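These are my notebook entries on a structure that I am reading for the first time. I record what I looked up, entry by entry.

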Amino acid sequence: MSTSFESLSLAPELLAVLGELGYDQPTPVQVESIPALLAGRDLIGQSKTGSGKTAAFALPMLQSLDVSRRELQGMILCPTRELCAQVAREVRKLGRRHAGLSVLEVAGGQPIGPQLEALDRGVHIAVGTPGRLIDHLDRGTIPVDAVRIVVLDEADRMLDMGFGADVETILALLPAARQMVMFSATIPKSIAKLSGEYQRDAVRVTIEDALDDTADIRQLRLVTEPDEKFHGLAWLLSRYPHESALVFCNFKATVVDLATSLAREGISVGRFDGDLDQFSRDQVLVRFRNGSLRVLVATDVAGRGLDVEDLDLVINYEMPQQPAVYVHRIGRTGRAGSKGVAVSMMTPGQQGRRKAIEELTGVSIEELDWKPVDDPDLPRLLGAIARPPVMETVLISSGRKNKVRPGDILGALTGEAGGLEGAQIGKIEIHDRLSYVAVSRDVVQHAVTQLNRGHIKRKRVKATLVGGV
Ligand code: AMP
């Protein structure tokens, strides 16, 4: 069954452009989103890059635009400058028959002068990063009274990057009658909450369901006797190169044992289980998400609060009892178009559990051929995986409540103030009263010193290196 663009009630000039661009048929996310958005509904869409989601919101936005009024009518928020550029390009392309259309990129890290000039002349659509948009709102250089539609693109990434408070500030300033669209690769609790607070009766568009998601995952199994398990794990970790690997266990005691044994061998590992206090949990997750820990050993109980995605490798060190738990565990890998690997370790006696899973997912779990006797011995394998992480995490004693934004931390570390290159700084997370920044391991001491010497928001802060299992 196929739907045409003509049947989606798009205006003739947009249909003409689609024809010129060779977009013959709407993609699934477009089929579901365009009619709802043309009808003025709010929308929350779970969809990956490459699904055609930009056109899904840009076409209705262009259709509702009154080009004769030189006012800002559409606002698109993106996490990065690169995405702003990409989205603005697509909007301009689709709007090329809207004579006089003005689309402005309002991204950070670019001179503000030309942005001010363009805003002064009047623009119809702004595509920006939250931080820079706030700068303009603070200066009063971006009028928002006429905004009719706001889009949060890659909303989960914006929150991950610490832009949550900025996004909320912007939303609160927009006219109450605006339409709001969110696209996000994943819908964690934080995104659902944002939707609940700022959207009205939003249409939900999900293109893949949970089981379809496993299509991007290579599912493997390693059958071993219980006493060969640790050796098998070391082999898996060395055989499947990973930036971040999540190892699931069924019991807290296994988590503690395994994390301790791996750490003793010099492997970059953290543990995540119900016995840790909230502060330690937060810290270990921050470090795992930003590349300061290569391996995280976790239980399912803790796993519910385990807000991580996009892993290269998930290992079931112990097979879960229920098939649904298996699907949930392995669904953390292979997101956003990259292929992930999920390996389940099981004993010869656990094949019944495996069959129940295969029945649920309709996919068979391929068996790996491994015999401990023909393989490098355990010490050699452990030596091979005992690489230090690329990043280290620095804790800063100031956060959202102190009005700290990612740009402030970046500013204190780079340029004349800090002396580091942008490429040496990784993910920045702003919490209520604390912030975390990932810094390349080779310059992390310098970063700590600079932060302790310098200022953030004109105040002194205390910076410390976060470490330990
Ligand atoms: P996006 O997911 O928005 O990043 O879009 C991915 C790519 O698909 C972009 O290069 C679009 O130009 C292109 N595209 C979007 N919709 C269609 C369509 N219906 N047919 C063909 N190409 C499309």
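**Entry 1: a network of salt bridges**

I began with the charged side chains of this predicted model and found that Arg132, Asp135, Asp138, Asp166 and Arg405 are linked in a network of salt bridges. Within this group I looked up the link between arginine 405 and aspartate 135, whose side chains meet in a salt bridge at 3.8 Å, N to O. Arginine 405 lies in the loop between β15 (391-396) and α18 (406-413), while aspartate 135 belongs to helix α6 (residues 130-139), so the pair ties together parts that are 270 residues apart in sequence. I then checked the accessibility of both partners. Arginine 405 is partly exposed at 23% relative accessibility, and aspartate 135 is partly exposed at 30%.

**Entry 2: other salt bridges**

How many salt bridges does a search of the whole structure find? The search gives 25.

Arginine 289 forms a salt bridge with glutamate 429, and their closest N and O atoms are 3.0 Å apart. This pair links distant parts of the chain, with arginine 289 in helix α13 (residues 278-289) and glutamate 429 in strand β16 (residues 425-430), 140 residues apart. Arginine 289 counts as partly exposed at 23% relative accessibility, whereas glutamate 429 counts as buried at 8%.

The other pair is aspartate 273 with arginine 271, whose side chains meet in a salt bridge at 2.7 Å, N to O. Are these two residues buried or exposed? I found that both aspartate 273 and arginine 271 are buried.

**Entry 3: charges over rings**

I next looked for charged groups placed over aromatic rings. The charged end of lysine 229 sits over the ring of tyrosine 317, 5.0 Å from the ring centre. Arginine 281 lies over the face of phenylalanine 272, at 5.6 Å from the centre of that ring.

**Entry 4: aromatic pairs**

A search of the whole structure finds 2 aromatic pairs. One of them joins phenylalanine 57 and phenylalanine 183, which form a tilted pair, 6.1 Å centre to centre with 40° between the planes. Phenylalanine 57 lies in helix α3 (residues 53-63) and phenylalanine 183 in strand β6 (residues 179-184), so the pair ties together parts that are 126 residues apart in sequence. Phenylalanine 57 is buried at 0% relative accessibility, and phenylalanine 183 is buried with a relative accessible area of 1%.

Tryptophan 235 and tryptophan 370 also form an aromatic pair, which is stacked: 5.6 Å centre to centre, with 25° between the planes. I traced tryptophan 235 to helix α11 (residues 229-239) and tryptophan 370 to the loop between β14 (366-367) and α17 (378-385), 135 residues apart. Tryptophan 235 is buried, with a relative accessible area of 8%. For tryptophan 370, also buried, I noted a relative accessible area of 8%.

Which residues touch the most other members of the largest nonpolar core? They are Phe57, Leu59, Ile76, Ile125 and Val127, in a core of 38 residues. The elements that give two or more residues to this core include α1 (12-21), α4 (81-94), β4 (125-128) and β6. Of the elements, α3 gives the most to this core, with 7 residues. Apart from this core lies another, of 31 residues, among them Ile44, Ala118, Val147 and Leu152.

I also followed valine 127. Leaving aside neighbours within four places in sequence, valine 127 is in contact with residues including Ile76, Cys78, Cys84 and Val106.

Cysteine 84 is in no disulfide, and the nearest cysteine sulfur, that of cysteine 78, is 4.3 Å away. A disulfide requires sulfur atoms within 2.5 Å. Cysteine 84 is buried, with a relative accessible area of 0%. Cysteine 249 likewise counts as buried, at 0% relative accessibility.

How values were computed:
Residues are numbered from 1 along each chain as its sequence is written. This is a predicted model: local features need pLDDT of at least 70, side-chain atom pairs count only at pLDDT 80 or more; totals for chains, interfaces and linings use all residues. Side-chain values use heavy atoms; hydrogens and water are left out. Rings of Phe, Tyr and Trp (its six-membered ring) pair if their centres lie within 6.5 Å; planes under 30 degrees apart count as stacked, over 60 as edge-to-face and the rest as tilted. Helices (H or I, at least four residues) and strands (E, at least two) are DSSP runs, numbered from the N terminus. Buried means under 20% relative accessible area, exposed over 50%, partly exposed in between (1.4 Å probe, protein chains only). A charge sits over a ring if NZ of Lys or CZ of Arg is within 6 Å of the ring centre and within 35 degrees of the ring normal. A nonpolar core is a set of buried Ala, Val, Leu, Ile, Met, Phe, Trp, Tyr and Cys residues joined through side-chain atoms within 4.5 Å. Contact means heavy atoms within 4.5 Å. A salt bridge is a side-chain nitrogen of Lys or Arg within 4 Å of a carboxyl oxygen of Asp or Glu.
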